[in-house]
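Reader: I am new to this structure and would be grateful for a close look at a single part, namely the surroundings of the ligand. Please describe that part in one connected account.

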Amino acid sequence: MGFALARVLVAAGEDVTIAGRSVDRLDVARAELEQAGHGRVHIRRADIGQEADVAALFTGDRQVDHVVVTAADATGVYGPTARLAADAARHVLNTKLLGAWLVGKYAAGTVTESLTFTSGINAYRPNGSNTVMAAANGALAALASGLALEMAPVRVNVISPGWVDTPIWDRLGMDKQAAFTDLAKRLPARRTGVADDVAQAFLAVMRNRFVTAAVLHVDGGHRFI
Ligand SMILES: NC(=O)c1ccc[n+]([C@@H]2O[C@H](COP(=O)([O-])OP(=O)(O)OC[C@H]3O[C@@H](n4cnc5c(N)ncnc54)[C@H](OP(=O)(O)O)[C@@H]3O)[C@@H](O)[C@H]2O)c1
């Protein structure tokens, strides 16, 4: 989703910085993005769970218009609570929730227009095997409301995607195709999501200067089935 947003922005000629844990993956992403348009692409290695990494992203006197957080590592966080390792739960809370909070902490004063987090459908449709991820995602709405007050007039929002075909599914060890086909039949939108659906939602909240402390659901109606 982050890559899809970067592609739209670079195609529009914007300067974009992408961050992640692997310089090799960032290099590959940058090379591909540079084919998309004439915007400049910068890469920064950072683990969102590490305070020093997040602080370093925002040091210096450079200002940025918008910050969007999409980082998530869902390794080992799905399954019944009784069987989940506490370290896996701590890891996802540390990255998905506290990582977002760290971005708010260190982006303050550097970001001038908006900060957007990415939560997810499981906050609104817990299913007995995603409880800790649901908790992290649900808490992002409260985090955004609090930061929207603290960082005003910078606007702070959340995009909550439904099921979207991205690489995150490849690591979950399930039959993605069958699950997506089944869900598409039941969703009010009659299809599952693609990364560009979410990229367009990021752009909508980035651009709309009256939207703050909001959660925008981009889920094809998944909350109601
Ligand atoms: N896809 C869906 O169906 C879906 C549904 C609901 C919610 N979401 C949420 O949407 C967001 C984007 O997901 P996606 O589907 O685009 O996933 P993705 O394709 O796996 O992308 C996640 C990105 O996060 C980076 N990342 C992971 N851990 C990180 C860390 N500790 N520090 C910095 N970067 C980190 C990864 O890069 P590196 O591994 O190189 O660091 C990767 O670029 C996530 O928050 C996810 O929970 C997704």
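Author: The ligand lies between domain 1 (1–45) and domain 2 (58–224), because both domains give residues to the shell around it; these bounds come from an automatic or database domain assignment. The model is a predicted one, in which local features need pLDDT of at least 70 and side-chain atom pairs count only at pLDDT 80 or more, while totals for chains, interfaces and linings use all residues. Residues are numbered from 1 along each chain as its sequence is written, and side-chain values use heavy atoms, with hydrogens and water left out.

There are 26 residues around the ligand, and R25, K96, V164, T166 and R171 come nearest; a residue is near if one of its heavy atoms lies within 4 Å. By class, the shell holds 11 nonpolar residues (Ala, Val, Leu, Ile, Met, Phe, Trp, Tyr, Cys and Pro), six charged ones (Asp, Glu, Lys and Arg) and nine polar ones (the others, Gly among them).

A polar side-chain atom of T166 is 2.4 Å from a ligand oxygen atom, and a backbone N or O atom of V164 is 2.8 Å from an oxygen atom of the ligand. In the side chain of D47, an N or O atom lies 2.9 Å from a nitrogen atom of the ligand. The protein buries 86% of the 890 Å² that the ligand exposes when taken alone, with accessible areas taken from the Shrake-Rupley method with a 1.4 Å probe.

The two domains also meet each other. Their C-alpha centres are 20 Å apart, and nine residues of domain 1 are in contact (heavy atoms within 4.5 Å) with 16 residues of domain 2. Between them the domains bury about 910 Å², of which 72% is on carbon and sulfur atoms; this buried area is the accessible area (1.4 Å probe) lost on being put together, summed over both parts. M1, L5 and V8 supply 60% of the area that domain 1 buries against domain 2, more than any other three residues.

Key: Polar contact = N/O pair within 3.5 Å; in protein donor to acceptor, adjacent residues only side chain to side chain.
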